[in-house]
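My entries follow in the order I made them.

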Amino acid sequence: MRRALALAQSVLYTTTPNPRVGCVIVRDGRVIGEGATQPPGGPHAEICALRDAEARGEPVQGATLYVTLEPCSHHGRTPPCVDAVLAARPARVVVAMGDPNPLVNGRGLARLREAGIDVVTGVCLDEALALNPGFVSRMSRGLPWVWLKMAASLDGRSALHNGMSQWITGPEARADGHHWRARACVVLTGMGTILKDDPRLNVRAVQTPRQPRKAVVDGRFEIPEDARLFDGAEVIVFTAREDAAKATRLAAKNARVVPLPGPVPGRVDLPAAMRWLAAHDCNEVHVEAGAGLSGALVSAGCVDELLLYLAPVLLGDAAGMVKLPVLEHLDAARRYRYIDTAALGEDVRLRARVEGNWQDLRERVALPALP
């Protein structure tokens, strides 16, 4: 299963909106076939592994098939994988986690068991879920999995008061940030960042055959039409103000304007924006924004995970990472659980998540071991 997970990891940047899945077929302690899900429209992991076994001249009947996600049981861009697995007649299928897609959701495993194939579930479940939190979230909650990326000093400052923030962290940390961009379906920012930095929002520091979509929260629809992010790639502009003429001009730049006015005049309905992204096949959202939008997303309950890069420097009186309401009591604080730390050059990366959101996803893919 860990080899199957490594195969799934190898396609981290390419399968969206499909999940990242790896499959390994074993007989008598030997790997006789393996594969990972290909880009949309291509074969899924099980099909790749079965074809690999065939190319090696290895029969699959009586073997054990390890797969990081329940085999699909419905027609999508490709036929059901469970049909191909049943035709190959392995003796046992070991699955890391269930498929939360309502069209699957246990049906694939049920068909395997009905055919007399031994099925084991829950092997390396957490590792498999970590590769696909966005897919599980989109299928089960109707929301993407959202992480908020921030770079700051040891005293929690993200920029000087004059707006200067490049660069607080070193090149290794910035390259790691681009890895997280590359695995996301969309990179989201706000108008403050557009006006201050004029970012391109693309992936540059790591190799990837697929660029994520770009999105901007622009309540007053002030985005400059010559902003650098309008480079021909798809851009989504969430706004609270409609301007048909400007929207038409931006459409010629491959930008889609989505009016989503919130209850506060001039502000975008952020939860509605997350639902819109999920409805448009976005699994994971990578947020790089200023303190205002970052705080608004946190306050609206839109952030599932924090991705924080800390540099060994003190900035003193400078801008903070997020703007949040003043608290009267500590028990009102938003709390997260640390899940990972990593040294990157001279900097440190911390990951923390909303544990309740993670456990909700886990419960949705943890299938029972017995029929």
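**Entry 1: terms and source.** I take helices (H or I, at least four residues) and strands (E, at least two) as DSSP runs, numbered from the N terminus. I count two strands as paired if DSSP finds at least two bridges between them. This is a predicted model, in which local features need pLDDT of at least 70 and side-chain atom pairs count only at pLDDT 80 or more, while totals for chains, interfaces and linings use all residues. Residues are numbered from 1 along each chain as its sequence is written, and side-chain values use heavy atoms, with hydrogens and water left out.

**Entry 2: the sheet of 9 strands.** I read the order of this open sheet as E11-E10-E9-E8-E12-E6-E13-E16-E15, with mixed pairing. Strand E11 (255-259) and strand E15 (337-344) are at the edges with a single partner strand each, so one side of each has no neighbour in the sheet. Neighbouring strands here are turned against each other by 20° on average, direction ignored; axes are lines fitted to C-alpha atoms, for helices over the stretch in contact, and angles run from 0 to 180 degrees between N-to-C directions.

I looked at one pair inside this sheet. Strand E9 (residues 213-217) and strand E10 (residues 235-239) are parallel and share 4 bridges. Lysine 214 is opposite valine 235 in E10.

Which helices lie on this sheet? I noted helix H7 (residues 171-183), which lies across strand E6 (145-153), strand E8 (186-190), strand E12 (284-287), strand E13 (305-311), E15 and strand E16 (347-353). H7 runs at about 165° to E13. Helix H11 (residues 291-299) also packs on the sheet and touches E6, E8, E9 and E12, where contact means heavy atoms within 4.5 Å. The direction of H11 makes about 115° with that of E8.

**Entry 3: the sheet of 5 strands.** I found 5 strands in an open sheet, ordered E2-E1-E3-E4-E5, and the pairing is mixed. Strand E2 (30-36) and strand E5 (118-121) are the edge strands, each pairing on one side only. From one strand to the next the twist averages 15°.

I checked both neighbours of E3. Strand E1 (residues 22-27) pairs with strand E3 (residues 64-67) in the antiparallel sense over 4 bridges, and cysteine 23 has valine 67 as its bridge partner in E3. Helix H1 (residues 2-10) packs on this sheet, touching E1, E2 and E3, with its direction at about 150° to that of E1. On the other pairing, E3 and strand E4 (residues 92-95) run parallel and are joined by 4 bridges; tyrosine 66 is opposite valine 94 in E4. Helix H2 (residues 45-55) lies across E1, E2 and E3 and runs at about 140° to E2.

**Entry 4: a helix pair.** How do helix H6 (residues 133-141) and helix H12 (residues 355-365) cross? Their axes come within 10 Å and cross at roughly 80°. H6 and H12 are therefore roughly perpendicular to each other, a class that takes 65 to 115 degrees, with under 35 roughly parallel, over 145 roughly antiparallel and the rest oblique. Pro133, Val136, Ser137, Ser140 and Arg141 of H6 meet H12 residues including Trp358, Leu361 and Arg364.

Entry 5: Threonine 16 and proline 17 are joined by a cis peptide bond with omega of about 5°. Proline 17 is in the loop between H1 and E1. Phenylalanine 221, in the loop between E9 and E10, has a positive phi of about 55° although it is not a glycine.
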